[in-house]
Amino acid sequence: MTSLGRRAFLVNTGTCVAGASAIALGFVPPRAQAQETRQYKLLRARETRNNCTYCSVGCGILMYSLGDGAKNAKPSIFHIEGDPDHPVSRGSLCPKGAGLVDFIHSESRLQYPSYRAPGSQEWKRISWEEATDRIARLLKDDRDKNFIQTNAKGERVNRWVSTGMLASSAASNETGLLDFKFARSLGIVALDCQARLCHGPTVSALGSSLGRGAMTNSWVDIKNANVVLIMGGNPAEAHPVGFKWVMEAKIRNAAHVMVVDPRFNRSAAVADFYAPIRAGSDAAFLLGVVNYLLTHDKIQHEYVAAYTNAALIVRDDFQFHDGLFTGYDAKTRSYDMASWEYERDEQGYAKKDPTLQNPRCVLNLLREHASRYTPELVSQITGTPEKDFLHVCETLAATSVPDRTSTILFALGWTHHTNGSQIIRTAAIVQMLLGNIGMPGGGMNALRGHSNIQGYTDLGLLSTRLPGYMNLPKDSQQTLDTYLQDTTPKADEQGEVNYWHNTPKFFVSLMKTLWGDHATAANNWGYEWLPKWDRSYDMLAYFDLMGQGKVNGYIAQGFNPLAAMPDKNQMRDALSKLKFLVTIDPLDTETANFWQNQGVYNDVKPEDIHTEVFRLPSTCFAEENGSIVNSARWLQWHFAGAKPPGDAWGDGRILGTIFTKLRALYAKEGGVCPEPVLNMQWNYRDPEEPTAEEVAREANGYALADIQDASGAVVVRKGELLPDFSVMKDDGTTSSYCWIFAGSWTQAGNQMARRDNTDTGLGNTPGWAWAWPANRRLLYNRASLDPQGRPWDPRRQIIEWNGQRWTGADVADYPPTSPPGSGVGPFIMQSEGVARLFSRKGLVDGPFPEHYEPTESPIMGGALGKTVRHNPVARMFPDDVSRMGKPEQFPYVATTYSVTELFRHWTKHSRLNAIMQPEQFVEIGDRLAGKLGIAAGDMVRVSSQRGYIEAKAVVTKRLKRLNVLGQELDQVGIPCHWGFKGATRKGFLANTLTPAMGDVNSQTPEFKAFLVNVEKV
Ligand code: SF4
């Protein structure tokens, strides 16, 4: 026994299951041994599996609790460590994960519901009954008064605009499903989630380029790369455990790791190469790379010809001039996209020139478009020394051969810009030209932030979305037929899979989940009950309406918008205009306390704020069962290891209780448009407290009748769980909340809880958890082989044709029986079957990317010989114009970032993390500090047009002075973790400084490049 470690012992005895206890297995060391050594601290502990609640690496954790569940013996988690069996984390945890036990026991954990009356200075404890009764009454009264059944045109729209809801990013998928049903049944259109503030542009850009908006490869797959480009992210700090696979690539694969970033950050510290860049100029840099690859003929020719739309011919009337694509309307600040289109043949298919000679074919237009971005000009715009830029170009270019790959890792450094979607599109184009999409060790690896933000995006918790990346109908789509016609794409090329042609099956299956037996063919499956939208009610738009006094109620669930939204003072003023605010959170957040005077940190007069506030305590990850989706699309199931503190409730119970009370009110009193509220399927065993298991099965979906295949054989029996989405029907005989989750919980059981970490090749572990879609781990993997089915690189073969079907280490992202040479394209979600260098109508700011300056920029002159400097369609509200600063007053470029010890505004509530990073700071380059007479540790004031913060100065050499278009430029780093609540010293919310402008495709704000001034206090 002494030679057997604790972990080895548990593995050998097969106890790696939730709830296994060492004592239960008779693991009692001999007495003599116990006397010789310190008592084994986990003895008698109960072990429960879970996942870290912070970032989207999704590290596995083991939680240890004491207390055997007997009366008055409440289990309490006293130790957490990494799960050594987890294929990504392999037992590691970063400083955030290592502090999880302090998060669970944080002094900021809320224990009882509390209430703040209008104008009051204090919280008052109330009962759950009182709180939920009052909230249900407020919701119903506001809905009945303001519900819009028909719009001005007389169209039926069934929406409720005057109350909105923000959903979490770390709660489980099962909570997310309940959020959706709760909000949409009431007609709430202002439903949004954290994805709006982080990876929205990734979804827009990768969806329109490749077919799906997700990370293409996986964390472990990074080890297969020859070159790793980290740009727009800092995984060594923000995703530390995922970053180990970059180091693995370096150690085992001699990978060359390059970092391009405004700061010499911790990723750069262990990279092979670092290049500085001006924040907000990434598109210019990447367009320069595109230009380099094309002018030096460093592209993977066969891949580009077969797997991209390089050969398709674009209409003659599509042009680009002076920074504008054709169709721009300056009055509406929007594009008419009619000319962003292919030439069509008589059958409506796109015309093509396989010889690539036609000057209007996509590749030649791209060549011309990118030709302006010469190395000299790129260097001038970005501040990156030309030789550094060329090093990146040459290194990437070396992977244009079939047997070498580069992977690109990015995160919020690319998304947080008014040009965010186009920055990411440009990088995707680089990868298409190099033949790196679909390749092991390649791809566009969007490193998601919050632990379940991928899941919340999948679940359709965004204002104009439905689950599984379908759209919520808009006003003009008055009938089901119109909606399905508009949203079901036709193939652009003959014989392509065009998988979205199945949209009617996914949609009707969703309707059957929402409305159950109330959804019939006769009533178009309840289509009328869905709210229709007339405009986006995303967070930015909704806070703008709130500021105008047009919003009465708001529910913020697991979300702290006062700290997360841009321009904090403006957001606080908007919240002050609400009649009621409901927060549902494990922690005491700044948002719940927005009405409190916190001196310089939140200088308000509570007596002037007439918002009534309900602060409802919810469970955290450690106290619930459920699934979350990591960045690589793995749905991982976790288990509760303890009960919540005090009288905190799970989110499902809170939503279930309020919803049940609302329904009772509608049943008793009637009201405006009660049908969707009463008809929403909420048939849980206990409607006031749905269980995660029953909701997870609902997300997967059921057969509502026997399902037959083409030969008439029954493949799924009535009442059984669906095995996958291929069996879905549009005739009401299947239900599924989220079609891409079909297969996650089947007749064989909960696939998300699987624990087989066998490597089937190249680090692929398909037996661990379950990945959407269809348990595929590497998206577009058919593109890793040539059209004849031969791998581009035999060492990277991940799927193969066995003569009858595709098989191998991964599930083929391709029709399983379409043989090599069939000519079917590998980008099966695209109507062309190929990846898009020219994105026909995918993004509303242009089919090709273009560099535009951030809304606040130090560059006043027109670079690139064009007069249009800023993204001409960027999201901007009239009130925001006066909140923009000028370089004369605010001469420095600021960029926000995260440090490894803290996660957003959550870990400041955890004592261990507060000890590691106790106090707010800003980072200033030594040359700027010298110029301003600032020494390390001095207090400085950083101000923008929107407000100021004060913090300690950290003076470093990590921020270099750059030469940009002939002028010297300094940058300032603003970590964004502190606030006026939590265990750290009080600090300013960093979003006091940031502007509210956004990317027009996703409305994601520009947190990463704005203008500030710096002064010594
Ligand atoms: S924060 Fe991310 S990297 Fe760190 S332990 Fe948690 S999941 Fe892992």
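This is a predicted model: local features need pLDDT of at least 70, side-chain atom pairs count only at pLDDT 80 or more; totals for chains, interfaces and linings use all residues.
I began with Phe506, which counts as buried because its relative accessibility is 2% (buried means under 20% relative accessible area, exposed over 50%, partly exposed in between, with a 1.4 Å probe and protein chains only). Residues are numbered from 1 along each chain as its sequence is written, and side-chain values use heavy atoms, with hydrogens and water left out.

**Entry: rings**

I looked up the aromatic pairs and found 49 in the structure (rings of Phe, Tyr and Trp, the last by its six-membered ring, pair if their centres lie within 6.5 Å; planes under 30 degrees apart count as stacked, over 60 as edge-to-face and the rest as tilted). Tyr499 and Phe506 make a stacked pair, with 6.2 Å from centre to centre and 25° between the planes. I checked Tyr499 as well, and at 17% relative accessibility Tyr499 is buried. I also noted one aromatic cluster, formed by Phe318, Phe320, Phe325, Tyr328, Tyr335, Trp340, Tyr342, Phe838 and Phe848.

**Entry: α11 with α15**

Next I turned to helices (DSSP runs of H or I, at least four residues, numbered from the N terminus, as are strands, E, at least two). The axes of α11 (residues 282-295) and α15 (residues 386-397) come within 10 Å and cross at roughly 55° (axes are lines fitted to C-alpha atoms, for helices over the stretch in contact, and angles run from 0 to 180 degrees between N-to-C directions). That makes α11 oblique to α15 (under 35 degrees is roughly parallel, over 145 roughly antiparallel, 65 to 115 roughly perpendicular, the rest oblique). On the α11 side, the contact residues are Phe285, Gly288, Val289, Tyr292 and Leu293 (contact means heavy atoms within 4.5 Å). On the α15 side, I found Phe389 and Leu390 among them.

**Entry: α11 with α17**

I then followed α11 to α17 (residues 420-434), where the axes come within 9 Å and cross at roughly 20°. These two helices are therefore roughly parallel to each other. Leu286, Leu287 and Val290 of α11 are among the residues in this contact, and α17 brings residues including Ile423, Thr426 and Leu433.

**Entry: a glycine in a loop**

Last, I looked up Gly712, which lies in the loop between β27 (707-708) and β28 (714-716). Gly712 is partly exposed, with a relative accessible area of 38%.
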